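This briefing covers salt bridges, a sheet with its helices, and nonpolar cores. The sequence and structure come first.

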Amino acid sequence: MDPSIDPMSGRPVLTPELAQEIAQDIGRITGFNVLITDPAAVVIGCGDLERVGTVHEASLEVVRTGRPATHTAQQAGRMRGVRPGMSLPITVGEEVIGTVCLTGVPAEVHRFGLVVRRQTEILLEEAALLRSRLLHERAVDDFVRDIALYDPEVVDAGAVDARAVELGLAPGLARAAVLLEVSQADEGAAAVSRITVLRTVREVFRDRQDVAGVQAAGRYVVLAAAHGERTAPGRLADACGHLLSLLYDRHGLDGRMAVGEPGAGTTGMHHSYRDAATALRTGPAVFPGDRVFTAADLRIPHLLGAAPRQARARFADAVLGELPGQPDWPTLRETLIGWAEGGFHLVRVAERLHIHRNTLLYRLEKIGKLSGRQVREPAQAIEMYLACLTDILQESATQDKVR
């Protein structure tokens, strides 16, 4: 619980830390020594630190009546801990939560009294509002982490749904998990705060039912409401591309993103997150030139990646044989993938690979001789296609291990 917010009323509370900060700020602006007390007239903030913790007797009457009071040198001398000046109540709503006092000749400080009082109340309200916003941001971050780490054996989905309601979210609405990873494009550039990044993220994902938070350093999660135009294929991916451009242009950040398929409720959003996380991990290996990856486009690599590493390696070795040992294996692998994804159509595949039809025929013949397989037979070609994707995933995993 935030100590500057009353848990019962939700109103600001005058903490010693906040009182000291306000007393110093106002004293610096006005040139007067400023003192702040709690409702019991105990000094909790003052430019003169020796007075902190003492009793300011004049404040007792100010708190009781809710009215300002001035005290001359003669009057101050008859009270404990009081110097000439003026004391004013600090009110929140109808309640007096303390006093603010200015030390000086009463006729001089009186001109500043009401201004100082109002400024104190404004600073108190702003501090409470800031802390409330920080609490909200923390709750959002906790919620997106709950979705990312959700385990039905450990956490009740109903409890997570209840947290969604507390954040103003409709728990039954389908949402797609969108993951963002960012890093500085220029290593020498100044670091960009998470609040700055989130502000830009929320500018793009601004639906009332969207929620965006921080999962870890440089990694952000958006749970994007999937309704209306957003249900159209590619719409969320387009938004991701726009966001990455803004992050680079405004903040000098490089990034990549992944989009899971929409899911409703805690379980559905968790599955969407898992799919997006897998897409973010495997996408750069399968589509090295892209920055936005969708789970829908990576279902086959996702399925292959779910198999145990040793099983994947045996499958690739059995199907590809000596091919990966060839000096031009990357080119041959690209050809096999293009052959399958182009529908085994010579002209279409040649255009897709930007090569001449005869070059494609030469490569297919070479692959057939080296592998002993009928590359132009769809069933065998698909098997080789899956083995090529497996090889890419294995290669990517090895590179990640080295890094």
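Glutamate 61 is partly exposed at 41% relative accessible area (buried is under 20%, exposed over 50%, partly exposed in between, with a 1.4 Å probe and protein chains only). The model is predicted: local features need pLDDT of at least 70, side-chain atom pairs count only at pLDDT 80 or more, and totals for chains, interfaces and linings use all residues. Residues are numbered from 1 along each chain as its sequence is written, and side-chain values use heavy atoms, with hydrogens and water left out.

**Salt bridges**

- Glutamate 61 and arginine 64 meet through their side chains in a salt bridge of 2.5 Å, N to O (a side-chain nitrogen of Lys or Arg within 4 Å of a carboxyl oxygen of Asp or Glu).
- Arginine 64 counts as exposed, at 62% relative accessibility.
- Glutamate 181 forms a salt bridge with arginine 219, with 2.5 Å between the closest N and O atoms.
- Because glutamate 181 lies in strand 6 and arginine 219 in strand 8, this pair ties together parts that are 38 residues apart in sequence.
- Glutamate 181 is partly exposed at 24%, whereas arginine 219 is buried at 17%.
- Aspartate 328 and lysine 366 form a salt bridge, their closest N and O atoms being 2.6 Å apart.
- This pair links distant parts of the chain, 38 residues apart: aspartate 328 is in the loop between helix 10 (309-320) and helix 11 (329-341), and lysine 366 is in helix 13 (residues 357-371).
- Aspartate 328 is partly exposed at 24%, and lysine 366 is partly exposed at 23%.
- A network of salt bridges links Asp142, Arg145, Asp146 and Arg163.
- The count of salt bridges comes to 21.

**Sheet and packed helices**

- An open sheet is formed by 5 strands in the order 7-8-6-9-10, with mixed pairing; two strands pair if DSSP finds at least two bridges between them.
- Strand 7 (211-216) and strand 10 (292-294) stand at the edges with a single partner strand each, so one side of each has no neighbour in the sheet.
- Neighbouring strands are turned by 20° against each other on average, direction ignored; axes are lines fitted to C-alpha atoms, for helices over the stretch in contact, and angles run from 0 to 180 degrees between N-to-C directions.
- Strand 6 (residues 175-184) pairs with strand 9 (residues 253-259) in the antiparallel sense over 7 bridges.
- Within strand 9, aspartate 254 is the bridge partner of serine 183.
- Helix 8 (residues 265-286) packs on the sheet and touches strands 6, 7, 8, 9 and 10, its direction making about 40° with that of strand 6 (contact means heavy atoms within 4.5 Å).
- Helix 4 (residues 106-148) lies across strand 7 and strand 8 (219-225), at about 75° to strand 7.

**Nonpolar cores**

- The largest nonpolar core has 52 residues, of which Phe143, Leu223, Leu320, Trp339, Leu360 and Met384 touch the most other members (a core is a set of buried Ala, Val, Leu, Ile, Met, Phe, Trp, Tyr and Cys residues joined through side-chain atoms within 4.5 Å).
- Helix 14 (residues 378-402) gives the most to this core, with 8 residues.
- A second, separate core of 23 residues includes Val197, Val204, Cys240 and Leu243.
- Not counting residues up to four places away in sequence, the contacts of leucine 223 include Phe143, Ile147, Ala176, Val211 and Met269.

How values were computed
Helix = DSSP H or I, 4+ residues; strand = E, 2+ residues; numbered from the N terminus.
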